[in-house]
Amino acid sequence: MGEVLIELDGVEKVFTVRRRAGLVRREKRQVRAVDGIGFTVDRGEMVGYIGPNGAGKSTTIKMLTGILTPSAGRLRVAGIDPARERMRLAHRMGVVFGQRTTLWWDLPLKDSYGLMRRMYRIPEARYRANLERCVERLDLGELLEVPVRQLSLGQRMRGDIAAALLHDPDVLYLDEPTIGLDVVSKAKVRAFLRQLNAELGTTVLLTTHDLQDIEQLCERVMVIDHGRLMYDGPLGGLHASGAAGQSERTLVVDLERELPPLEVAGARVVRVEGARQWLAFPAQASAAPLVAAVAAGYPLLDLSVREPDIEEVIARMYAGRG
Amino acid sequence: MSRQLSPDAEADAEAEAGKGSGGVRRRAVVRDAVHRSQLYGAVAVGGFRRYATYGAATAAGVFTNTVFGFILAYTYVALWDERPGLGGYSQGQALAFIWVSQSLLAAAALMGGGFQEEFQERVRTGDIAVDLYRPADLQLWWLAADLGRAAFQLLGRGLVPVLAGALAFPLELPVDPLRWLLFLAAVVLALVVSFAVRYLLGLAAFWLMDGTGINMMAGLVSVFFSGMLLPLTVFPGGFGDVVRMLPWAAMLQVPMDVLLGEGAGAGGAVRAFAFQAGWALALLGAGRLMQAAATRKVVVQGG
């Protein structure tokens, strides 16, 4: 194994929440958002960091980036204590939030990049080389002169990723980098991240609800819930650790009228809501015969297939343990 | 691509080596200051260019300021005909007050329209969280951006109304170039004070979530207390003394004093600058305290 880049040991974060209890009286309550987490990430690893909302993911990321100070434990990123030297660390990390942008809304994309050059004090030659690489790989050539407000979501996302990489960060934190993107844009973003990791060895910590992001990018997954690390290992092991076994896809059907749960071979109804029903079937099985069977036997108006998501895999994992 | 030594590492190494020698350390400090001013300079240029892209809005603004100027000018003519020398101004000076203040209206964002709506929107949507991960100071960043905006609006929206006013009315404006230079310095300080007040309003969005109400109230307050509606020198007694000491006075009345009235001499200008700088420092300081509380809040709540 290589050099350790991120190191957490017994890290805790306790928030004191004040709540109004009556007219004047206020109740104090302690919330353990992160409850003794320890792991290390080597330089060049690409790790998925997943868990339900409120599990402590974003609190961990905030401690790793230095905007929150841990209540206890030891934390180092590239040898730096983030909370003590936030600004110094900021020069060595990149952050991308799928739903937020760091780009300058009314100005052409390239103006935001010029600002990044100043902010991160990137030497001219390196800036040019990095920009050229990002422009080529992320297909930004024709977008540089376009004001950011006119970009599509996928274009803007690519623009944001480039902005986070111009200063050659050691570590890149990605929060839902493919959220809301169409299939083609998702593929482009994932291909770029794979290449970035392979060629430059940039360490990536990825938070997502999209199982495919993890499947296609990360060999290692960490699952956090209630502030604790529940699983740390290969994605395959995550599937296996859930006793319920394989993951399932869901066929959502809209019928002409309310009906009792459908009876179709190879699937079972997991939910009924008015004229809409949810049928679960094994993820590897083809949806085609199932669709044919439903269409043949019932008055079908519309249907869609949903891929298994992270939440579901995790839920199954807990179900397996419980 | 080869991974080079980051500029930071260089600076670190230099600082390390410079522990014994003051010269090297001083050089590192100077270079740091240069980098900083380049960054915030670039932010200001960006602020200028952003507003420059909206030509139609600028034209509409110029038109509004000019019409507003005419309405106020005729009101003032009537008022000063009735009460010559009101507030220590001759009629020509009162008219100059109106037209010059129309040119400062947008720049100092006296009726809103500066950076704070955008800032509040970033707070509301949570985009502000991204800004916290940058190696830059939030307050300085927005100050630079707002000064860039103000510079554009001073030129883009300020010049035409003054020219229109000068063509239609006999304005009594000073001809001494030094006086105009002092006035410009007072305007820069006015813009900083205006920013500092609006930064507090912007930060209020962390608690209010919606800034519309507070912005409207702030607009009303600043139009009156800056002297935009009537010069503050007009108000008599204790009330007049109080309004002339408030921060809004630093945004318009004080620069106008430097240009036209009692702050005109060198000594008066120094007093005026001290008044403005005092408010600027106090309000920027308050902004920093409030910013610390606000970031703690946003960081804890998520986003």
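1. Helices (H or I, at least four residues) and strands (E, at least two) are DSSP runs, numbered from the N terminus. A:Arg126 lies in one such run, helix 4 of chain A. Because A:Arg126 has 19 C-beta neighbours inside 10 Å, this residue counts as partly exposed; a residue is buried if 20 or more other C-beta atoms, placed from the backbone, lie within 10 Å of its own, exposed if 12 or fewer, and partly exposed in between. A:Val31 stands 95 residues from A:Arg126 along the chain, and their C-alpha atoms are separated by 45 Å.

2. This is a predicted model, in which local features need pLDDT of at least 70 and side-chain atom pairs count only at pLDDT 80 or more, while totals for chains, interfaces and linings use all residues. Residues are numbered from 1 along each chain as its sequence is written, and chains are lettered from A and ligands numbered from 1 in the order in which they are written.

3. On the contact between the chains: 30 residues of chain A and 27 residues of chain B take part, two residues being in contact if their C-beta atoms, placed from the backbone, lie within 7 Å. On the side of chain A that touches chain B, two or more residues come from each of helix 1 (57–65), helix 2 (86–90), strand 5 (93–97), helix 3 (109–119) and helix 4 (124–137). Helix 3 of chain A gives the largest share of that side, 5 residues. By class, that side has 14 nonpolar, 6 polar and 10 charged residues; Ala, Val, Leu, Ile, Met, Phe, Trp, Tyr, Cys and Pro count as nonpolar, Asp, Glu, Lys and Arg as charged, and the others, Gly among them, as polar.

4. Chain A holds an open sheet of 4 strands in the order 11-12-10-13, with antiparallel pairing; two strands pair if DSSP finds at least two bridges between them. Strand 11 (268–273) and strand 13 (300–306) of chain A each have a single partner strand, so one side of each is left without a neighbour in the sheet. Strand 10 (residues 248–255) and strand 12 (residues 276–282) of chain A run antiparallel and are joined by 7 bridges. A:Thr250 has A:Ala280 in strand 12 of chain A as its bridge partner.

5. Chain B has 13 helices and 0 strands. Of its 303 residues, 41% are buried. The C-alpha atoms of chain B fill a box of roughly 75 × 45 × 40 Å, taken along the principal axes.

6. In chain B, the axes of helix 4 (residues 91–105) and helix 8 (residues 159–168) come within 8 Å and cross at roughly 165 degrees. Axes are lines fitted to C-alpha atoms, for helices over the stretch in contact, and angles run from 0 to 180 degrees between N-to-C directions. Helix 4 of chain B is therefore roughly antiparallel to helix 8 of chain B; angles under 35 degrees count as roughly parallel, over 145 as roughly antiparallel, 65 to 115 as roughly perpendicular and the rest as oblique. The residues of this contact divide into 7 nonpolar, 3 polar and no charged.

7. Helix 4 of chain B also packs with helix 12 (residues 253–260) of chain B, at an angle of about 130 degrees and with the axes 11 Å apart. This makes helix 4 of chain B oblique to helix 12 of chain B.
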